[in-house]
Amino acid sequence: MANITKKVSWSGRGEERTPLLNGSEEVRYSRQSSGGSVFHIGRLSTVDLDEDITPEEDPVRSKPKEIPHNEKLLSLKYESLDYDNSENQLFLEEERRMSHMSFRCLEISRWVICGLIGFLTGLIACFIDIAVEYLAGVKYDLVKENIEKFTEVGGLSISLILWAVLNSAFVMVGALAVAFFEPVAAGSGIPQIKCYLNGVKVPRVVRLKTLLVKVFGVICSVAGGLAVGKEGPMIHSGAVVAAGVSQGRSTSLKRDFKIFEYFRRDTEKRDFVSAGAAAGVSAAFGAPVGGVLFSLEEGASFWNQMLTWRIFFASMVSTFTLNFFLSIYHKKPGELSSPGLINFGRFDMDNVEYSLYEIPLFIIMGAIGGVLGALFNVLNYWLTIFRIRYVHRPCLQVMEAMLVAAVTATVSFAMIYFSNDCQPLETVTSEDYPLQVGFGLCTYNPLTLGLFTLTYFFLACWTYGLTVSAGVFIPSLLIGAAWGRLFGLLLSLMTTGKLVWADPGKYALMGAAAQLGGIVRMTLSLTVILVEATGNVTYGLPIMLVLLTAKIVGDYFIEGLYDVHIKLQSVPFLHWEAPATSHWLTAREVMSSPVTCFNRVEKVGTIVDVLSNTSTNHNGFPVIIQAAASEEPGKLCGLILRSQLIVLLKHKVFVERARSRLSQRKLQLKDFRDAYPRFPPIQSIHVSQDERECMMDLTEFMNPTPYTVPQETSLPRVFKLFRPLGLRHLVVVDDENRVVGLVTRKDLARYHLGKHGLEELHLAHT
Amino acid sequence: MSAVTGAGGGGARGSAVWWTALALIGGFVLSVRAAEESDSGDAARPLSPLLAEPSGPGLPAKFPDDLEVSESCVEMLRLFGERYVAAVNCLVSSARPVRVCQNCYQAYSSFNDIYTNISSGQSGNVSCQDSLMRSDRLMLLFNLYSSLTDIWTSALCTQCLTPDQKSLTNSTLDFISYLNKSLSCFEKYQENHTELCMDCKATYKGLNEMYSTMLKNKGYCIDIEDAMNVTRRLWSKKFGCTVPREETVPVIAVSSFMLFLPVIFYLSNFLHSEQKKRKLIHPKRAKSNHSLMNIQDKFS
């Protein structure tokens, strides 16, 4: 009792502190906490952990500590997806009822859905492509006309302003949509999809609204001349299409087509989302195999052979659709060989050779790419932290995006103005409409190339992380291609005579690969994507070597860009393996405890109270059999989820009602699926005072065989169970099968290997 | 993505000295005539080396009748050779400055006709297609034909010709006359460049506009591109008629203003926007609550 009053008084004082008190308190805090930690050491050596320390520490803890945002946090906003199938009695009944035929039908409808996903993703890619081409065309015609007009009479600065204003206007529209309607559509979307495939429920990431904002935003930002590409967003778009199509309904539009109802759960949806991501990659780069491998690389823990084959089907359909519709648009119907959204051009067959002596050069280029990529990521990391801390209001974010657009236009203009040879620059900023100021005298002057690389590097780094939807693939490829070509040119200048340095285009390709690999650190899928996009298998080995080196060198400094952003979003992301040197941690130390449990037959009032408790927003509850009238925790007999309980409460499945009205329809699995994925909050469910006294029998609905581990299990072992199975809750039991704790995603994700050994992340509200 | 693969770029289109170009363009109309006449003259001359019988030891010139080429086919072959030589001759002689389309379209189209004749197999009672084109792996006729066609396609000559390929389009002829007009204007003011720049400006501008409309309508070919390139080079490099850039100061001013804006933006945000803080939460843990410190203690 004394503890509680003390706690209250501390927190009460915290709000009306005088400066003097504040100072003295600070001193006490630090003394106390350091004392506490000293004590910790002592405690650990004397195994026995006694309880009466906590009151001393509690005040320190209960004071809401505020720290500036950093990467060592885990947000409470993110939850896990239920990838583990709940094999309750309803499920078993349904399975018994289903005939052999209906399983066949399910398999066929999986293929149909994958085909649809590919088709729609291809259509979206086609739409983006055409819209960008059209808008950029209009814009550049306008600017070009203006420049031509003012070149003679003077007033080029007005053209500059016109260009900047046009760019800003496009970007403003896109940024407004993103910042005010759907902030999750910002960026390339690859980190979000990566998290989704990892098993993290990123709020609103696969909604129809997100897709619309994403497509609109990417058109605006590319047409607005930002240093961005439209490839990353394609992956996100494909994933949203997949998540939508596979459900056979749209919750946003409130339309239910009554098809594909079997697939309305996280396990099935995840498979389709990986197909959608693959279809997106395949449409973006014209690389179907690369798409499949991308999905494999990012979400590989849930794979099987048939799924791979279906995903490949979706990718192929997507490439085909894009090619088909683009061929109609370009008035060559039936010509199916256009290479996706990105066009590397083709290497002539006689240029594709490389020799043994060039391989060390390629490796050097890979190392340069790794260093530059790491630099890019570090700069972007600091910038993103600044943005999260200071530029967090939507209107400020829109302003920032507009400023970047204006500066990009200014820089491009200045480079055209002050350099005398015809640069590749214009082709870059306009993406689709090269602006020809001079007359066809295009040589790649080394100085211009160098300047271009430098400027574009900083512009791209500045642009990534703005509140616009846009990807980083194209800018990185461009930066890399520019310095790669520079490298090739310098080589041919240095070595005169005997050695014939074939085509600097080859070095441009290697530079592009190195830079992209250095930034995103993808390996297998990126190799295949580049090989497929250039349509050239000969360079497979050099590209692989370059990417390998870039990854090794880059990882020495900092993680890949997507991982940096995932960390900065405080997402509880589970990597492939538990951090090394964590075998000494046991489940007892990792788990959360005590656990809120329910009895097998529980009072409705208790359930409602627990669910509506906002401070403990639990999602899974172990179901126990309480030994009669004893204080000991009961034995585990099942696990039930919040979503299931909510459906049960909504349908008022109470023991008393079942008795009184026998005619009442029995609850089926379909009722749970209909509520998926947006289960109503507990507040919207009305439970009367009488009903609170009723009882609820959970036996039928709970998962009777949840995964459990003993307390002494080591962290890597827990991890090996948790990550590949895609678990959401893992119950920790003692030797008599009594619940002692619960391991969730956040308990595992908080350990990571930092600079000083094992570190622990903090939980925070974001 | 041109930066990835676009090799050395367009490259300088020849480096003809300006006055050679000027002289040749000046006599343009005449030269077309001359070319046509010489074409017909060439055609009359028999091209003996092509089908001459080998003298001295070697493979026999003929095989027994049943496997050999018929007379009419040999005649076709001879014609093909003549016209091929004529076309190539014409192309080479109009290589610099590029006049291939306007000088050689007749030679090319007659060459094209004979090839179509052979390959369609319609002439006479015997199919020459089989005997001439399909009997060996060398496929000499086809290769010759395709090499010429490639040149013709990449020169975009069809865009300057009327649909029946029999004459130049009106816009091409207009462009040629306008070009001649500006060139004669240039010639008039050879000595005084400042006057040249003043007086020929109107015609030069007109020429440019005409060129850009042709670009837009896809009515240009290599001849016109090249002529325009040479003229532009004359105008800006030789006569130095380009408008000097006097606007560097305003452009720099506007640019630096633009570049300065983000600095203000970020500074003001840093100073005035309140920093976003995160509230830490202390999760429920069993018995001991591990802080980073004791992990490390235990670790070490």
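Me: Let's start with A:C105: what does its relative accessibility count as?
Reply: At 41% relative accessibility, A:C105 counts as partly exposed, a label used between the two limits of under 20% relative accessible area for buried and over 50% for exposed, with a 1.4 Å probe and protein chains only. Please keep in mind that this is a predicted model, in which local features need pLDDT of at least 70, side-chain atom pairs count only at pLDDT 80 or more, and totals for chains, interfaces and linings use all residues. Residues are numbered from 1 along each chain as its sequence is written, chains are lettered from A and ligands numbered from 1 in the order in which they are written, and side-chain values use heavy atoms, with hydrogens and water left out.

Me: And A:C461, buried or exposed?
Reply: A:C461 is buried, and its relative accessible area is 4%.

Me: Which cysteine is B:C90 joined to?
Reply: B:C90 is joined to B:C104, with 2.0 Å from S to S. The torsion about that S-S bond is about -95°, so the disulfide of B:C90 and B:C104 is left-handed. Since B:C90 lies in helix α5 (residues 71-93) of chain B and B:C104 in helix α6 (residues 100-120) of chain B, the pair ties together parts that are 14 residues apart in sequence; helices here are DSSP runs of H or I with at least four residues, strands are runs of E with at least two, and both are numbered from the N terminus.

Me: Are those two ends buried or exposed?
Reply: B:C90 counts as buried at 6% relative accessibility, and B:C104 is buried too, with a relative accessible area of 2%.

Me: What about B:C101, which partner does it have?
Reply: B:C101 forms a disulfide with B:C157, and their sulfur atoms are 1.9 Å apart. The torsion about the S-S bond of B:C101 and B:C157 is about -80°, so this disulfide is left-handed. B:C101 lies in helix α6 of chain B, while B:C157 lies in the loop between α8 (140-154) and α9 (170-188) of chain B, so the pair ties together parts that are 56 residues apart in sequence. As for cover, B:C101 is buried with a relative accessible area of 1%, and B:C157 counts as buried at 0% relative accessibility.

Me: Where do B:C185 and B:C200 sit?
Reply: B:C185 and B:C200 form a disulfide, with sulfur atoms 1.9 Å apart, and with -95° about the S-S bond their link is left-handed. B:C185 is in helix α9 of chain B and B:C200 is in the loop between α10 (193-199) and α11 (201-216) of chain B, so to speak distant parts of the chain, 15 residues apart. Both B:C185 and B:C200 are buried.

Me: Changing topic, which residues form the nonpolar patch on the surface?
Reply: The patch is formed by A:M172, A:V173, A:L176, A:F180, A:F181 and A:F216, which together have about 540 Å² of accessible area. Helix α6 (residues 156-181) of chain A gives the largest share, five residues, whereas A:F216 is found in helix α8 (residues 208-223) of chain A and is partly exposed, with a relative accessible area of 38%.

Me: Now the backbone: which residues does a cis peptide bond join in chain B?
Reply: A cis peptide bond joins B:R96 and B:P97, with omega about -20°, and B:P97 is in the loop between α5 and α6 of chain B. Another cis peptide bond joins A:S593 and A:P594, with omega about 0°.

Me: What is phi of A:N737?
Reply: A:N737 has a positive phi of about 60° although it is not a glycine, and its place is in the loop between β13 (729-733) and β14 (739-744) of chain A.

Terms used:
Patches are made of residues with over 30% relative accessible area and no salt bridge: like charges are joined within 9 Å, nonpolar side chains (Val, Leu, Ile, Met, Phe, Trp, Tyr) within 5 Å. Accessible areas come from the Shrake-Rupley method with a 1.4 Å probe; for residues, only the protein chains shown count as cover. A salt bridge is a side-chain nitrogen of Lys or Arg within 4 Å of a carboxyl oxygen of Asp or Glu. A disulfide is a pair of cysteine sulfur atoms within 2.5 Å.
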